[in-house]
Every structure is written in structure tokens, then in C-alpha cells.
Amino acid sequence: MKPLWQRDRMSQDRLADVAEELLGRGFRLGLVAAHDDGADLRVVYLFLAGGPDRRVELECVVPKRDPAVRSLAYLSFPASRFEREMADLYGIRCVGHPKARRLVRHAHWPEGWHPMRHDASPAPEFDGAGHFPFVTVEGPGVYEIPVGPVHAGLIEPGHFRFSVAGETVLRLKARLWFVHRGVERLFEGRSPDGAVDLAERVSGDTSAGHALAHCLAIEDALGVELPDEVHRLRAMLVELERLYNHAADLGALANDVGFGIAHAHTQRIRERLLRVNADVTGHRLLRGAMRPGAVAVRALPDAATLQSVAADLAEIAELTLRNTVVYDRFAGTAVLLQDDARALGCLGYVARASGVRTDARLEHPTTALPVTEVHAAAGDVLARYTLRRDEFAASTELVRHLSESHSGPIEYVESLPVRGAARSGIGIVEGWRGTIVHRVEIDAADTISRAKIVDPSWFNWPALPVAMADTIVPDFPLANKSFNQSYAGNDL
């Protein structure tokens, strides 16, 4: 299913006018990617809209000696964060930005070192002398609670600073990028069919989603068109990934309010699903089944097993919500209003639980799928729980449909062409957390010269502090789990 494309290079003033027009017509900003072209720097803005699938790329070139772009922060909150990222990694100033403080760069990063520039020196010695400029909330009885970045258990690092009065949260600041790994730079120089293993490791629990987005981007750049059966097999793998993650989250949410028996049973269900994954692909996390131009599974999932698992999970969810203590802790907690979710650019189950319609399977489809849209409106922990529950049931039916209706081989390989010219491509996938976007550029030497990756966590992390306003501190673990965003997917 071919999208409607528009690509233009323009001045900064005209770009701002066109961006404002696109946002007014219902487009959203999907990504902003800076590029080091040698003599100059280049910035690409990707705007997306669905129904039909529409994609608009706007480019502007800035001189390397004094790189600056006109800020679009007054038009889009996501734009403001992309611009701060560019400033840290490329040294591109954002003229007119209302809060152009650092985002990715931590205090130990020296001033003037921008690691994504080709002329950047090797990583200098980090001195740790600087401090992040946290906003201080003042008033009678207001105090701060710092949490992290090191946490109990196995979760990834993130620093949360609460400004509270009593137990009520007045302001929460989430400081991330403790696991910034330079992943996008690691793609550079790899062959088009030699980087999917890196894409699978952008965020470990979204291996299939990121692998597929990368494959679609490479195929788009090289003009590769695959049979519908290939797209359906790939879609089935992404739905299997949605199943085991949603099952785990339903149990973890119950566990955070002391209902450990539900957590134990969902872990049992998750294990069954991981074994299904291993039967289907040979890997519990669905790795190795996709690469550009190819898909290969060992077997199709058993429909009876999936039906049994779905019934099992539905019973656990029902018992969980019939527990009045659990229900009372979920209902009305950490509310994210629809207007806030839309303004922040939220995606996936976070957006849908607040009444925002968004689903790349419908807005940017690679093949027609009988997707059942699931929505809620309250925007609280309960809505994010029930939405996962209902999406689990819908995804189970979708996997069963794709498995039972599949015809043809379960392995397909097409050789990638050599174009001998610079090309770019976009891959868009509805991962289990929300819409994933990959953009790649392939140079005339047939190597990847740039990869830009946007996990839905990039858009959803800023919503957590908004939802925590007027929520009590003891409910933070529950609220955080109801969002369950990826640190690695955000930090890259």
C-alpha cells in the first residue's frame, strides 16, 4: 500500500510557514533528523498523517561554521525537544526556542563537544563539574524527593525529582539519557542488509517492532516491493510481541498495588507466549526472523494455544478488577487529559487511553489488516490497564486470523538491489508501545550514511510528569508502570 509522498528543500522562513500549515491540516511531526553532509549540516523534518497515508519531508541546509535553525517550538511541543536534541548532538542552535537548555547532554559532557558531527573529537574526559538546572519549587512546606537514577531491581536508570507538599506532587521532573549509547551513529557505514541486528537491540522488548521499521525504511530507500504475504507474516510477529508485553504489564500493574497473585499468573502466561515465540521464530524475543527483503518463520502459531491463553488472561484481568482495593487504586490515578495527550504528541496505548485515536496499522499500513480499534477516555491508570486488556484480546484474534488465513511459504527472501545513488527511506510500524519511525539514508557507495530512530517513548515520557500533577508520591510506581516507557528506546 503506497503512501502519498512530498519532499521539498526550502529556506527556514518558508519551512516554518509550511510546517504551520501542515500541523493545521492534521499532520503530526514524526521526527526531526540532523545530518552532517561535510561542508554543511542539513535538517530533515518528517510530517505524517493517516487516512490516507501521507508523508511530507521538509529539508533545510545550515552552514557548519554557525549552524542555526528557526525554532518551531511555538508550533509543536515535540519540535521543541527534537531541537534541543539537535543542539546537544550536532551543535545546531534553535533561534527563538523558549527553553533551549540541554536535553541529551548530561553535566559531565564538556561544552562544545557534539558527538554526531563527523569532525567531533574522540570522547573527552568527563569531569562531572556541571549540574543540571532543575527548577526549584518554593512555598510553605514544599520539599524535594530525588529518586534514582539507580533503582531497585532490574529497571533502567532514570532520575526523578519530585517537588511535593505533604504527599501531593506539585511538580515532577524526569531526567533521562543515562543510557545514551550513540546507537544511531553505530548504523553508519553498515550495508543495507547488515544492520537489522542493531535495530533489534534499540529496545530489547521491542525487537520485532524496531526490526520491522528498519526493514521497511531500507526497502523504501531501495525501492523494494514485497508480496502481501510477507507483510502479513511480519505483522503477525509484531502482534506476538504486543501480546507478551501487554500480559507482563497487566500483572506488573496488579503487583504494584499488592495483588501479587495476579502478577504470578501473568508471568506464567508470559512464559507460555515466549515459548510460542520460540516455536515460531527460534527466538523468545522474536529476533532473527526479519531482515530487509526477507522474512522467515519456522512455524505458524497454534490457534488453540492462543485462544487458551486469551481466555486465561481475561479471567485474571476480571479477578484483578473485581478486587475493590485494586480498582480503587487504579481509578482516578495519574490522569492524562485528552487535550494534554494531544498537545504532547502522545502515541500508542498512552494516547488511546486518553481518547486520542492513533494507530499506524491503520494510518500507515503496509497491508490491509482487520485491526480492532480499542479506546478509552478517562486517561487514568484504570484506562491504561483496561486498554491493554482489550488490546490483548484484539491482538490474539488478529494473530489467529493471520495464521489461519496464511497461504504460501513461511520463508521469503528477495535480493536487495544496488542503486549506486544516494537514497532515503522511511519505515513506520505500530509497535506495542505505539508508533515507531525509522529513517535511513543510503549513500552512493551502498552503505547506510544516516539512521534516525524515534521510539514512541520519546513522545510519551513527557506525559508522565503531567499526569503526576496532584497525584500522591506513593502512587508514582503505579503511574510509572501504567506508562511503562522504554529508557533505552528514548535514550538511544
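This is a predicted model: local features need pLDDT of at least 70, side-chain atom pairs count only at pLDDT 80 or more; totals for chains, interfaces and linings use all residues.
1. Strand E8 spans residues 159-165, and strand E9 spans residues 168-175. The two run antiparallel and are joined by seven bridges.

2. **The turn.** Two residues separate E8 from E9 in this hairpin. Gly 166 sits in the turn. Its phi is positive, at about 70 degrees.

3. **Gly 139.** This glycine lies in the loop that links strand E6 (93-95) and strand E7 (142-147).

4. **Gly 139 and Ala 165.** These two residues are 26 apart along the chain. Their C-alpha atoms are separated by 8.7 Å. Ala 165 falls within the residue range of E8.

5. **The three-stranded sheet.** Strand order is E10-E11-E12. The sheet is open, and its pairing is antiparallel. Strand E10 (290-291) and strand E12 (411-413) are the edges, each pairing on one side only.

6. **E11 against E12.** Strand E11 covers residues 294-296. Three bridges pair E11 with E12 in the antiparallel sense. Ala 296 has Glu 411 in E12 as its bridge partner.

7. **The helix over the sheet.** Which strands does helix H6 lie across? H6, residues 228-255, lies across E10, E11 and E12. The helix runs at about 60 degrees to E11.

Key. Residues are numbered from 1 along each chain as its sequence is written. Side-chain values use heavy atoms; hydrogens and water are left out. Two strands pair if DSSP finds at least two bridges between them. Helices (H or I, at least four residues) and strands (E, at least two) are DSSP runs, numbered from the N terminus. Contact means heavy atoms within 4.5 Å. Axes are lines fitted to C-alpha atoms, for helices over the stretch in contact, and angles run from 0 to 180 degrees between N-to-C directions.
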